[in-house]
Amino acid sequence: MAVETDESGWEVDPDDEWGVAVITTVGRQLKLRREAAGMRAGDFGVAVGYGEDLVYKVEGGKRIPRQEYLDRADEVLGAGGLLSAAWEDVKKVRYPKKVRELGKLEGTAVEIGIYECNSVHGLLQTPEHARALMEAAQPPYSADDVQRMVAARMARQSVFEREPAPSIHFVLEEAPLRRPVGGTMVRQRQLERLLEVGLLNHVSLQVMPTNTEAHPGVDGKIELLKFPDGTAVGRSDGAFNGRPTAEPRELRILELRYGTIRAQALPPRASLAFIEKLLGET
């Protein structure tokens with residue numbers, strides 16, 4: 001059995017208090033069961049396919065265990081499925097803290113409004129498109145980091161399957177839709193994905209043509225989330241230092257800007273026709 005290498009991207013973020021707590025607890029359970037079974041760390045590592053050093057890191061709450069590690073540990077230690085079940089908690093902290101927080105907000109909002117200027121928004125990206133963007137980053141991410149971030153981005157898209165469905169509004173700039181991210185086939189599939197989402201009855205998708213005059217979104221993207229209790233949170237690259245805000249006066253400013261952007265963009269039906277035209281040109 002191959003020994004697992006110490007790949008980047010599976011370390012525990014020390015600033016992620018919840019993540020640290022979960023991984024520390026799981027690591028402690030693994031250690032207690034290993035010791036109760038009378039196994040040395042080195043022998044256990046051979047049995048599960050990890051090096052002894054990585055076993056100590058997992059048990060010490062310094063490294064996030066893979067699902068395969070937990071499944072193998074469950075089998076070797078005869079835990080009856082209890083260690084395998086820990087993956088349900090582990091996988092939640094596997095994603096970066098910022099992504100989890102954003103996904104949590106999107107997962108409870110009843111209305112989501114998004115203006116994206118530089119790329120296709122993450123909620124709309126295909127896995128291949130997302131991967132191509134992440135692989136283009138400088139300095140480059142490791143392959144494991146890319147895999148982690150793509151999985152996190154795809155997990156956020158469960159917002160489209162929620163019941164009851166939230167009302168979701170997108171405004172995308174034309175230029176990113178024309179950019180051949182990942183090559184012709186990836187771009188074609190991305191445009192097809194936009195059409196699929198744009199046809200959902202709880203989604204409104206609009207395109208801002210490049211030849212449109214200046215509008216309030218030229219300073220950067222805007223996000224507005226509204227919740228069942230009537231509260232809201234918003235953020236814009238070009239306002240309030242880019243920080244999220246729930247202050248009513250600041251939210252009114254963001255809503256005014258977003259409403260103006262929607263008014264200047266192509267209507268939803270014309271936007272889908274525009275995307276179909278781009279698809280025909282690929």
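**Cavity, chain and selected residues**

The largest cavity holds about 40 Å³ of space. By cavity I mean, on a 1 Å grid over the protein atoms alone, a set of points where a 1.4 Å probe fits but cannot get out. Grid points are joined across faces, edges and corners, and the volume is the space filled by probe spheres set on the points. This is a predicted model, where local features need pLDDT of at least 70, side-chain atom pairs count only at pLDDT 80 or more, and totals for chains, interfaces and linings use all residues. Residues are numbered from 1 along each chain as its sequence is written, and side-chain values use heavy atoms, with hydrogens and water left out.

How many cavities of 30 Å³ or more does a search of the whole structure find? The search returns 1.

Which residues line the largest cavity? They are Val120, His129, Pro176, Leu177, Arg179, Arg187, Gln190 and Leu191; a lining residue has an atom within 4 Å of a point. By type, the lining has 4 nonpolar, 2 polar and 2 charged residues.

The largest share, 3 residues, comes from H11. Helices here are DSSP runs of H or I with at least four residues, strands are runs of E with at least two, and both are numbered from the N terminus.

Next, Thr126. Thr126 sits in the loop between strand E1 (111–116) and helix H8 (127–135). Is Thr126 buried or exposed? Its relative accessible area is 4%, so Thr126 counts as buried; the cut-offs are under 20% for buried, over 50% for exposed, and partly exposed in between, with a 1.4 Å probe and protein chains only. The Thr126 side chain reaches the backbone nitrogen of His129 at 3.1 Å, and His129 is also one of the residues lining the largest cavity. Apart from neighbours within four places in sequence, Thr126 is in contact (heavy atoms within 4.5 Å) with Met154, Arg189, Gln190 and Arg193.

Now the whole chain. The protein chain has 13 helices and 5 strands. Its C-alpha atoms fill a box of roughly 70 × 45 × 35 Å, taken along the principal axes. Of its 282 residues, 46% count as buried. Among contacts between residues at least 6 apart in sequence, 72% join residues at least 24 apart. The accessible surface comes to about 14600 Å², and 53% of that belongs to carbon and sulfur atoms. Those areas come from the Shrake-Rupley method with a 1.4 Å probe.

The bond joining Gln138 and Pro139 is cis, with omega about -5°. Pro139 is in the loop between H8 and helix H9 (143–156). The bond from Glu163 to Pro164 is cis as well, with omega near -5°. Pro164 lies in the loop between H9 and strand E2 (167–173).

Ala143 is found in helix H9. At 65% relative accessibility, Ala143 counts as exposed. Ala143 and Leu123 are 20 residues apart in sequence and 22 Å apart in space, C-alpha to C-alpha.

Two leucines come next. Leu83 is in helix H5 (residues 82–85), and with a relative accessible area of 1% it is buried. Leaving aside neighbours within four places in sequence, Leu83 is in contact with Leu30, Arg33, Leu70, Ala73, Asp74 and Leu77. From Leu83 to Thr260 the separation is 177 residues in sequence and 52 Å in space, C-alpha to C-alpha.

Leu272 belongs to helix H13 (residues 268–281) and is buried, at 14% relative accessible area. Where does Leu272 make contact, leaving aside its neighbours within four places in sequence? The partners are Leu194, Leu195, Gly198 and Leu199.

Last, Gln67 is in helix H4 (residues 67–77). Its relative accessibility is 35%, so Gln67 counts as partly exposed.

How values were computed. Polar contact = N/O pair within 3.5 Å; in protein donor to acceptor, adjacent residues only side chain to side chain. 1 Å grid on protein atoms, 1.4 Å probe; cavity = no way out; pocket = protein on both sides within 12 Å on 5 of 7 lines; lining within 4 Å. Nonpolar A, V, L, I, M, F, W, Y, C, P; charged D, E, K, R; others polar.
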